[in-house]
Amino acid sequence: IDGDGMSRFIADVASVLEALPIDDRLLVWARVPAAHAPHVFVEVSDAVRVSLAERTPSDTLAALLGALDAEDLAYVSRAIPDEVLAQVAATLAVAE
């Protein structure tokens, strides 16, 4: 998929997640490819992001967040539990 196609794919997945009830949302979220999950996570609304963050295993969430650039990480940080943010910050500090 080219750049525009990928952007549409991410936006489409985010729209589907927005429209689904929580149980169905979690089923779809679990099937989002790991390479695309960080971008989809940024794209969904704050409320959906919080619901996904609360129900995604901490290590999976930390890995997803580690793939984001600093600007996107700051953008989604309000939805992330403090302990997961601390884990991501520690990982980023070691990487520098």
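1. Ile-80 sits in the loop between H6 and H7; helices are DSSP runs of H or I with at least four residues, numbered from the N terminus. Leaving out residues up to four places away in sequence, Ile-80 touches Phe-41, Ala-53, Leu-61, Leu-65 and Leu-85, where contact means heavy atoms within 4.5 Å. Ile-80 and Val-50 are 30 residues apart in sequence, yet 7.1 Å apart in space, C-alpha to C-alpha.

2. A word on what you are looking at: this is a predicted model, in which local features need pLDDT of at least 70, side-chain atom pairs count only at pLDDT 80 or more, and totals for chains, interfaces and linings use all residues. Residues are numbered from 1 along each chain as its sequence is written, and side-chain values use heavy atoms, with hydrogens and water left out.

3. Ala-79 is found in the loop between H6 and H7 and counts as buried at 11% relative accessibility. Its contacts, not counting residues up to four places away in sequence, are Arg-49, Val-50 and Ala-53. Ala-79 and Leu-52 lie 27 residues apart in sequence and 8.9 Å apart in space, C-alpha to C-alpha.

4. Now for the core. The largest nonpolar core has 24 residues, of which Trp-29, Val-40, Phe-41 and Leu-65 touch the most other members. Such a core is a set of buried Ala, Val, Leu, Ile, Met, Phe, Trp, Tyr and Cys residues joined through side-chain atoms within 4.5 Å. At least two residues of this core come from each of helix H1 (3-19), helix H3 (37-43), helix H4 (46-55), helix H5 (58-66), helix H6 (70-76) and helix H7 (82-95). Trp-29 touches Leu-17, Ala-37, Val-40, Phe-41, Leu-52, Thr-56 and Leu-64, not counting residues up to four places away in sequence.

5. How do H2 and H4 pack? Helix H2 (residues 22-30) and H4 meet at an angle of about 70°, with their axes 11 Å apart; axes are lines fitted to C-alpha atoms, for helices over the stretch in contact, and angles run from 0 to 180 degrees between N-to-C directions. The two helices are therefore roughly perpendicular to each other, a term covering 65 to 115 degrees, while under 35 is roughly parallel, over 145 roughly antiparallel and the rest oblique. Ile-22, Arg-25, Leu-26 and Trp-29 in H2 meet Val-48, Ser-51, Leu-52 and Arg-55 in H4. By class, this contact of H2 with H4 has 5 nonpolar, 1 polar and 2 charged residues; Ala, Val, Leu, Ile, Met, Phe, Trp, Tyr, Cys and Pro count as nonpolar, Asp, Glu, Lys and Arg as charged, and the others, Gly among them, as polar.

6. His-36, in the loop between H2 and H3, is buried, with a relative accessible area of 17%. Leu-92, in helix H7, counts as partly exposed at 33% relative accessibility.

Note on methods: Buried means under 20% relative accessible area, exposed over 50%, partly exposed in between (1.4 Å probe, protein chains only).
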